Amino acid sequence: MQRLLGGRAGRQAADRARGIDPRPVAPRALPASASVSRAFPRHTLDGAAVRAALLDLVVTLALQLRGRGAIRVATTLLRAS
């Protein structure tokens with residue numbers, strides 16, 4: 001590596017390939033998150049009720065984000081067990 005890249009750059013590339021990186025790590029704050037949830041009183045197979053609840057959750061979450069002046073980067077839908 002040193003012959004290809006030169007002394008310092010070659011040593012640095014070889015060290016990084018071995019997982020050696022002496023640069024200090026600066027921790028960053030985690031991005032803010034928002035969540036909404038809905039529980040049905042009992043197990044339901046009614047697709048219309050589920051879609052209506054999901055639409056209501058999306059609108060509620062959008063209003064939360066809009067109130068904070070935030071944008072959505074990713075959305076995850078979890079099913080409670």
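Visitor: What pLDDT does the protein chain average?
Guide: The protein chain averages a pLDDT (the predictor's confidence in each residue, from 0 to 100) of 84, and 95% of the residues score at least 70. This is a predicted model, in which local features need pLDDT of at least 70, side-chain atom pairs count only at pLDDT 80 or more, and totals for chains, interfaces and linings use all residues. Residues are numbered from 1 along each chain as its sequence is written, and side-chain values use heavy atoms, with hydrogens and water left out.

Visitor: Where is confidence highest, and where is it lowest?
Guide: Helix α3 (residues 47-68) has the highest mean, 89, and helix α1 (residues 2-5) the lowest, 77. Helices are DSSP runs (H or I, at least four residues), numbered from the N terminus.

Visitor: How do you know that α3 reaches close to its expected span?
Guide: The expected span is 1.5 Å times one less than the number of residues. For the 22 residues of α3 that gives 32 Å, and the helix reaches 32 Å from its first C-alpha to its last.

Visitor: Which residues of α3 are called buried?
Guide: Ala53, Leu57 and Leu65 are the buried residues of α3; buried means under 20% relative accessible area, exposed over 50%, partly exposed in between (1.4 Å probe, protein chains only).

Visitor: Why are these residues said to line one face of α3?
Guide: Seen down the axis of α3, the buried residues fall within an arc of 105°, so they line one face. The arc is that of the directions from the helix axis to the C-beta atoms. The face turned away from the buried side carries the exposed residues Arg51, Leu55, Leu63, Arg66 and Gly67.

Notes
Helices (H or I, at least four residues) and strands (E, at least two) are DSSP runs, numbered from the N terminus.
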